[in-house]
Amino acid sequence: MTQHSIEADIVRLLASQEKEAIRLIFRHYRRALFGVIISVVKDEALAEDTLQDALVKIWRNGPTYDPSKGRLYTWMLNICRNAAIDKTRSRHFQAGLVTQKEDFFVSGSNLPHLDTETPVDTLDLRNWVTRLSPEHQEVVNLIYFGGRTHQEASEELNLPLGTVKSRLRKALGILRTWMSP
Amino acid sequence: MDESLNISAFMESGHLELYVLGDLPVEEMESITRLAATHPEIREEIEAIEASLISYAEAHAPNDPAGGLLSRTLKAIDAEFEDDREALLQPQPESQTRILDFRPRWAWAVAASILVVSGAANFWLLSNWQTSEQNLLALRQEQEVLAAQFQQASQLVEKSQSQLAILQLPSTRQLELAGLPGSPDSRVTLFWNPEEQALLVANAELKALPEGFQYQLWAIIDGQPVDAGLLTGLEAWQQMKGIGPGAQAFAITIEPTGGSISPTLNDMVVLGNV
């Protein structure tokens, strides 16, 4: 089954609120959505709770997804990201993790829980990411994982808006070329 | 050929990356979705960009989420579904039922009639709105006509007032131009104020002229005819060219339409000395 037809199946199942949609989403996107969430909440157990909440939201809001307005993945990503950002605002999170705040999205080397039990394919992906310069990762992470607008990213990074846009474009272009050798 | 060039330029413009991030205005998002549906190369590029972003996110996951997550999520969905169903099936509290006393069938009938009434109201409002729109248009046109008429009337009043002002001046003289042998019945009354250099034709009893001819007024100064303007038809109260002191006589001749530089003396119809 191609990516295209899996997506079409998920969209159809979501529209009629079939639980099967969540099974398919979990099979094909869990790792990416988990990656997005953990980049925000920085804690594995909390990220799992957040992913569960987000998947229920995806199922609940399934009928409102409109494929003409954007990609399914982007739509799901937004729900996950918002759920993750909401989690970071909760009192529980702020009490326990406030010290990590400064480390948010700083660079690819600041990834959580890199240990010896990490599977090999994960390590390959890690290497793949670290081939992107820290300046590029910083911009991609803020916008893609942090959900910032270009303007907000430019203010947070204290960079001109044009630089943020060109770095983002450059970084996405580099990632894209790595996908098709 | 042109189109394929445009497509590849478009694919390199950076728009598809922003599309995948959902970072474009809604209209642009929709138009790229349409473009992707008709151009497989665009769709493939979008999928490749998305795949690269998915891999990037996956690289940030330390490992797979724990195995029990899917079953926990499905249970949570079941629980929510149950909650919804129970909320739907929950009987109305006793007190409310008594007050409203609606059986579901009644409720449907009421809802349906509200819908019908609301539909009819919408239709009525729409047709009223259309009629109002037409009325408004007619009123606007009418108003434009009235405004133009008012402007004409104002100009006329203004002209009359300035003519009246001339007539009221003590230095304004009334001159009678009498018919010459060729047209003994013709008669023209002029008012002339040499100081104000104002000249009015108050009344023109002249024969109607054939197409291509027009009456022209002349002032005779030092024995020489000076053009004092053309008469537009035979209307009363026509303002002519300004003629200052020194005119000894005024005369009217028949000239080709548009007037002449010097009068056609044979066709002089009226003459009057100052």
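Modeller: Two residues are in contact if their C-beta atoms, placed from the backbone, lie within 7 Å. With that in mind, and remembering that this is a predicted model, let us look at L16(B), which lies in helix α2 of chain B, a helix made of residues 15–21. Leaving aside residues up to four places away in sequence, L16(B) touches M11(B), E45(B), I46(B) and I49(B). L16(B) counts as buried because it has 24 C-beta neighbours inside 10 Å, and a residue needs 20 or more to be called buried. A36(B) stands 20 residues from L16(B) in sequence, and their C-alpha atoms are 10.0 Å apart in space.

As for confidence, chain B has an average pLDDT of 84, with 90% of its residues scoring at least 70. Over residues 94–100 of chain B, however, the pLDDT is below 50, and this stretch has one contact in the model beyond near neighbours in sequence. For the complex, the predictor gives an ipTM of 0.85 and a pTM of 0.54.

Turning to the partner chain, 37 residues of chain B are in contact with 48 residues of chain A. On the side of chain A that touches chain B, the largest share comes from α2(A), which gives 12 residues. Sorted by class, that side of chain A has 25 nonpolar, 12 polar and 11 charged residues.

Terms used. Residues are numbered from 1 along each chain as its sequence is written. Chains are lettered from A and ligands numbered from 1 in the order in which they are written. This is a predicted model: local features need pLDDT of at least 70, side-chain atom pairs count only at pLDDT 80 or more; totals for chains, interfaces and linings use all residues. pLDDT is the predictor's confidence in each residue, from 0 to 100. Helices (H or I, at least four residues) and strands (E, at least two) are DSSP runs, numbered from the N terminus. Ala, Val, Leu, Ile, Met, Phe, Trp, Tyr, Cys and Pro count as nonpolar, Asp, Glu, Lys and Arg as charged, and the others, Gly among them, as polar. A residue is buried if 20 or more other C-beta atoms lie within 10 Å of its own, exposed if 12 or fewer, and partly exposed in between; C-beta atoms are placed from the backbone.
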